Each structure stands twice: as C-alpha cells, then as structure tokens.
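Subject: Structure handover

Hello,

Please find the structure below. My notes follow it.

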Amino acid sequence: MIYPSKLLPSVFFRLINPNNIRHLNVYLIRHTPNKTNFQAGQIIESSICEQSSHIEDLSLNFYGKYDELDISIDIKQAHKEHFFSVWTPFQRSRRPNEDQFEQDHNRGWYYLPLSKLHLFRVPIENPLYSDFTVTCEVVHKPVRCNFWHVQLRWKDEKGVILSKKAKTWKRTVQTSSKSFIKIHAVDNANGSQSIPLLYYCLFSLEFLQRIINRVFYSVSLQ
Amino acid sequence: MIADLATKAPISYVQDIRDSGTGFYAGAHNIAIGYLSHVPFTNPAENISISENEYLAKVFLSLHDTKPYFHISKYLMPNHTFFKFSEAALENSLVVFNLGDYYNSKEKIETERINRLNIEISETIKTRASKDEELLKFINFRAQDQSLSKIVNFISRLSPKTYNIEITQDYSIYFTLMFSDTTLFLEFFLEKSESEPDFVFLVYSNGNCIANGEGDVDNVSNKLSSIFRAR
C-alpha cells in the first residue's frame, strides 16, 4: 500500500482555525483498538483512549479527507519521532515509505461533532479550590505525515491547560473529559461535511476572493 | 398454571449457572430470580432494563460471553411483576423451571429490585477482579473501608433505568447510570490518594452538564441524594 497523499500537509496549506468552521457540520474521528466500541448506543470507556492519561491531550483527526480507510495506518515506532513531529506552515513534507508504516485492520473508530466539542464548557465544583469552568478546545496540530491531526485541550477560564495546573486536578479532569466524550461520541458521521479548501488552502479561489474583497474594502475606506 | 409457565433449558446451561457466580442460581436448593424487561436484554451483568408493568411469559436461558442470563420476553402473564422459580427439575435431558412465587406489592418489588441491582453490581465487579490480582487487591482494600459496598448500595437505591460498569486500566470503576432524562457518570478511584478525591461525578441532561462534584463516598452520596431528590 502507498501512503495516501491526501493526508500529507502541503506548502500551500495553512492551519485551520476551528472557530471558523464551527458553523459547518464537521466531525472528528479517532481510532480505537477494537471494532466494538459502543454498547447500548454509548461509547465504552476503554474505547475513548487506551490510557486515561491520554485524555488530557487526546489526538483525533478532522473527518473528510481523513476517513475510515485511513484509521488502520500506523507509523512504525522507529519513524514516529520524525513523522509525528509538528508540521509548521510552508514546511515540505514527504510521504512515508512502505516500510515506514504498517496497517492494523483490527482498529475501529468513533466520531465527535466539532460544533458540540469545540468551546464546550463544564462548570467544575471543587471544595478545595474555587470553582471554575473547564473549556474543551479543539486545536489543529498537523504532523509531518498527517495534516488533519487535531488535539483536545482542557483549559480553565484563564486559558491554563488543566493537566499543567496541578496534580490534584488529574482525577477531576479525567472523569469530566471522559464523561463529556461519552455524551458526544457517535458511531456514524451522517451528514458530515469535509472542510472546504477556503479554510486551509492559501491559494483557494474563495480565499483569494476574500483577500481581494478585504483589500478593496480597505482601499474604498481610504 | 405452573406447568404453563414452565420453560426449558439445556442442562449444560444450568451447570454453567451453578458455577458462574453471577448471582443467578438454579437448582433444588437455590432459587433463580428473573425480572421483566421492556427490551430483551443481552447481558444483564452489563446492561439492564427493568419495567414493573410488563407481562411475564417465556423465560429461557442463554449464554453470552460465557455468562448465562435469563431472557424474558413479553407474553402471557398479566400484572405479575416479580417472580421466583421454586425448583428446576430434569425432564428429557432438559431442565424445567417452575414458577414458585409472584406478587405485585410495589414495596416488595422495589426491595427486590434494589437487592438484585446490588448483587449484580457487586458480582460484576468481583468477576472482573477475579481475573486481575492487582485489581483484587484494590477491591479488598476498598472492602475494608466499606466505600465499595456503600457506593453500590447507594447506586442500587437510585434505581437507574440502565447502568454500565467499566473498570479502567488505572484501576478506577467508571459507573454510567442512565435515568429517564439524566445520565450520571461516577468514577470511583480505587487507589487512595492524599490529594485527590476518591470519587468524581458529573450529571448530564440533554447534553449539558447540570451538576458535578467530588469527595469521599459519604460526601458524594449526600450530594447526589440532594441532586436526585430535587429532580
């Protein structure tokens, strides 16, 4: 199998701001170790992520270009450091060779709707500290072999990432995050939309049109 | 009447029931207890749905993931919401379960239901723990401080419509309890920590978190009692 080029970042791509696509019906997809992930319509806890500590910066993918067929792809351990390193705009990326990745066909997946996930707030009560609100943030974090990679971040109202706040928050954050995902995870992405080029390609017609309009608007104001 | 309600199951299943330790026993000296259900459940140790006003009918045994369960479907007997089997007799290589008792008392039904939930939840946890020594240590430790039995009793009294128990890799018990319009997520961290709570819970309704809290078993039970009383 040849590594799918549709997953690779291009020098013509830019980071996707999830705030700009919240109005679209965009879903996120995450791989699971097994095919069976739902019971009585609700995701099972062990499918959310392999280790509870991973929930703090859970990795997912924008669903669309990245789809169910790509779930089985896993970069081999020896090459993870390179291919999973963060992609920065204008950086060239190269396709992993056949011997640098493998396929795990036992994997399953689940979906999360971006509009419900991004900037969702959970008020947290804690008798030892003052109460605060946890906000779930979707952050686009492309890596060298996957432009569609995103991470979840759980932050307090000052923007501090909770896992870095204090060890005493670990359990609260884990349970809150898992319950939040349990509520929103679904086993199908019916009616989902791919992210239009406008939101990630530097030279899409829509994007250029928008720039031109902005330039004309500022010129007309002068 | 009893003959009408008798049902048959292969003998091997009965043997499995005697040995399973799931809390459902059948045989001359034990009583098998079944409950009515709107939706035929697939594995009561994992997922239970109870209705008090369904009709009892066929009761038969099956296996799922090597655990036996009673599958009860809507059929004949009106208004008898609780029943017991008095005996299981051999008949042509099949075991026939005879209905021994049934009644309608709401109080009795409620008590039985709570007892049953209590047994099922405890058995589910014990079954999982029997396969994992480390988990068993934590369970035994929590048996000493009584927090496990206290929380299981408390959950049973809440009478969820359905529930699910999952034991996580880092040894917490994650309860998902579903009520008609709310879902309670309650995580019990078996390892004792100086700085972290034993329990964390969140209550969701219509996709929104409407309450949450943390603490030891008594704090959490009190908080949840007041939340559910208010609803």
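Two strands count as paired if DSSP finds at least two bridges between them. Helices (H or I, at least four residues) and strands (E, at least two) are DSSP runs, numbered from the N terminus. This is a predicted model, in which local features need pLDDT of at least 70 and side-chain atom pairs count only at pLDDT 80 or more, while totals for chains, interfaces and linings use all residues. Residues are numbered from 1 along each chain as its sequence is written, and chains are lettered from A and ligands numbered from 1 in the order in which they are written.

Sheet, chain B. Five strands make an open antiparallel sheet, ordered β7-β8-β9-β10-β11. Its edges are β7 (162-167) and β11 (208-215), each of which pairs on one side only. Six antiparallel bridges join β7(B) to β8 (residues 172-178) of chain B. B:Glu166 has B:Tyr174 in β8(B) as its bridge partner.

Helices, chain B. A residue is buried if 20 or more other C-beta atoms, placed from the backbone, lie within 10 Å of its own, exposed if 12 or fewer, and partly exposed in between. B:Phe138, B:Ile139 and B:Arg142 of α4(B) are buried. The face turned away from the buried side of α4(B) carries exposed residues, among them B:Glu133 and B:Asn140.

B:Ser149 lies in helix α5 (residues 147-158) of chain B and is partly exposed, with 14 other C-beta atoms within 10 Å.

Regards
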